[in-house]
Each structure stands twice: as C-alpha cells, then as structure tokens.
Amino acid sequence: HMTYRVIQTFMRDVLDLDFSTGQLVKIVGKVTDALGSFYGQLATALPTCTMVNIDETGHPENAQKLWTWGFHVPGPDGFTFFHIDAARSSDVLKEFLGETFQGVVGCDYHSAYRKFLEDIGANMQFCWAHLIRDVKYLTTLTDRATRGYGERLLAAVKRLFRVWHQRDIMRPARWRQSAARAQREVLTVAKRPPSRREALNIAKRFRKYAAHYFRFLDTPGVEPTNNAMEQRFRFVVIDRKITQGTRGQAGRSWCERIWTVLATCAQ
C-alpha cells in the first residue's frame, strides 16, 4: 500500500539503499511481466468454474473513475482474480465468463448482473445480505402498510435462515421439507405487497427472480450472500485510499496481478 516515493524513502532511511523512482518502476514492471502467465491461466480458468462470486468497486486513475472487478472462486482449489476496467456492464462478465457459462454467479442486484442473466440465461445467486438491507429499510418508513409488509417479510426471512443454519444437524429429508416450507412462506409474504413503490419493487424481485434467490437451498457449494468476494476487496480499498489509484496501463496491470496473487495466496 505504498507509493514509489514512500518506498524510496523507506529504502534509504531504513535499509540505507538508494533507489531512484525510475529504478522502482522498472522493478515493478519486471514483476508484472513475470506474473503475466499465472494471471492469464486464472483468466482462462474462470469460464470453467462451477461457482464464482463477483463484485466491483470504484478505481481512480488520473481523475477518471474506473472499476475494479473481483472474481472469487471458493474451495480449496479456488482463487481470486482482479481486473480493472472502464466499464461496469455485463460486457465485462461476458469477456471473462463467456456467453455459455454453466456455473453459478453469486452477486448483488446490480443491473449488469441482471443483464448478463437475461442475455445468456445464467444461473445466479443474488445476495440475501443486500436484499435484507432493502427489506429493513421498509420497516423504517412512516406508511403503516409498507412498514408492516417489511416486518412480516423480515420475520419470514429470519425463519428461512434459521432453517438454513440447521442443515448440518437435521436429517436431509426433514431439512429439505423445512427449507421448502420456509421458502414458500417467504414467497407468500413477498408477493402480497401494499401499493407503495418500495414494497412493489421488493415483490417484483421475488416474482421475477425467485429461482435466483433460493438457489443456495438446493445447490451444493452456493452461499446465500456475496460476502466472500466483498471480504477480499478490503485490502484493495485500503490500497486505493492510500495510493489514490493508478496513472496508466502499467500501474493498472501491476495492481490487477499483484492483488490477484495476494488474495489467491491468502486463500
């Protein structure tokens, strides 16, 4: 998380080594090139993965706002891959996952993911943590009917996740029955909103994308939230705050590759 000037000062004051910033740029460039093959292998592997959690966050470059995309493949053989792009659209998903992706994409409700779903018929797991925040918002509104709808829906969601957390201690057949019953309860409440825009939007999500919210109940390895990728963005956000982003393609390539190495090795 250090700029070239800070690294130069550290080398001089602590290690008694004199490096010019130009030398540091060359060293970073060599490491960037050395990581190219590894980085390319992971990019090639993404379309073949059965589960990928994806998220994106802003990335500054010369007063221009770019986007850092993160792709997290869970499991002991998994990895985390970062890519910086000018676009925050479904085109980035098609570039890295392809247009015949057969796995499951764990993500939030951002329009790029919904466009990807509509264009290629992908299997999604929309994040429940994001949805629950939206439902909790309903419970803060002054309209009594909307507030009551939010409270009933939130209670049903809590019962669903109470069942979810019992999946390892209940007999499989009984757990499937309990999960199906909890799912029906959520849908029953969700699809009966009052006629207020905020509530109608929540109901629309369930009517249109119910299968992509409840996929975690019957698909092994799929989690109901996108927390795994969000957690791996933390050090990237720290880096962004300290360094204030990049200044060109060289810095962008370095960040993409070294972030990928750091996150994958930690994983």
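User: At what angle do the axes of α8 and α9 cross?

Analyst: This is a predicted model, and in it the two axes cross at roughly 130 degrees, coming within 9 Å. That makes α8 oblique to α9.

User: Which residues make that contact?

Analyst: From α8 you have Val-186, Leu-187 and Ala-190, and from α9 there are Ala-203, Phe-206 and Ala-210. By type, the residues of the contact of α8 with α9 come out as six nonpolar, no polar and no charged.

User: OK, on to the largest nonpolar core. Which of its residues touch the most other members?

Analyst: Those are Trp-128, Leu-153, Phe-206 and Phe-214, in a core of 63 residues. Helix α7, residues 144–164, gives the most to this core, with nine residues.

User: And what does Trp-128 touch?

Analyst: Leaving out residues up to four places away in sequence, Trp-128 touches Val-157, Leu-160, Phe-161, Val-186, Phe-206, Tyr-213, Phe-214, Phe-216, Pro-224 and Thr-225. Apart from that core lies another one, of 12 residues, including Leu-66, Phe-82, Val-236 and Val-261.

User: Back to α7. How far does it reach from its first C-alpha to its last?

Analyst: α7 has 21 residues and reaches 30 Å, close to the 30 Å expected at 1.5 Å a residue.

User: Which of its residues are buried?

Analyst: In α7 the buried ones are Thr-146, Gly-148, Tyr-149, Gly-150, Leu-153, Leu-154, Ala-156, Val-157, Leu-160, Phe-161, Val-163 and Trp-164. What covers them includes α6 (128–138), α8 (172–190) and α9 (197–213).

User: Last one, Thr-264. Buried or exposed?

Analyst: Thr-264 is buried, because its relative accessible area is 17% and the cut-off for buried is under 20%. Thr-264 lies in helix α12, residues 249–266.

User: What does Thr-264 touch?

Analyst: Thr-264 touches Leu-42, Phe-79 and Thr-80, again not counting residues up to four places away in sequence.

Definitions and conventions
Residues are numbered from 1 along each chain as its sequence is written. This is a predicted model: local features need pLDDT of at least 70, side-chain atom pairs count only at pLDDT 80 or more; totals for chains, interfaces and linings use all residues. Side-chain values use heavy atoms; hydrogens and water are left out. A nonpolar core is a set of buried Ala, Val, Leu, Ile, Met, Phe, Trp, Tyr and Cys residues joined through side-chain atoms within 4.5 Å. Buried means under 20% relative accessible area, exposed over 50%, partly exposed in between (1.4 Å probe, protein chains only). Helices (H or I, at least four residues) and strands (E, at least two) are DSSP runs, numbered from the N terminus. Contact means heavy atoms within 4.5 Å. The expected span of a helix is 1.5 Å times one less than its number of residues. Axes are lines fitted to C-alpha atoms, for helices over the stretch in contact, and angles run from 0 to 180 degrees between N-to-C directions. Angles under 35 degrees count as roughly parallel, over 145 as roughly antiparallel, 65 to 115 as roughly perpendicular and the rest as oblique. Ala, Val, Leu, Ile, Met, Phe, Trp, Tyr, Cys and Pro count as nonpolar, Asp, Glu, Lys and Arg as charged, and the others, Gly among them, as polar.
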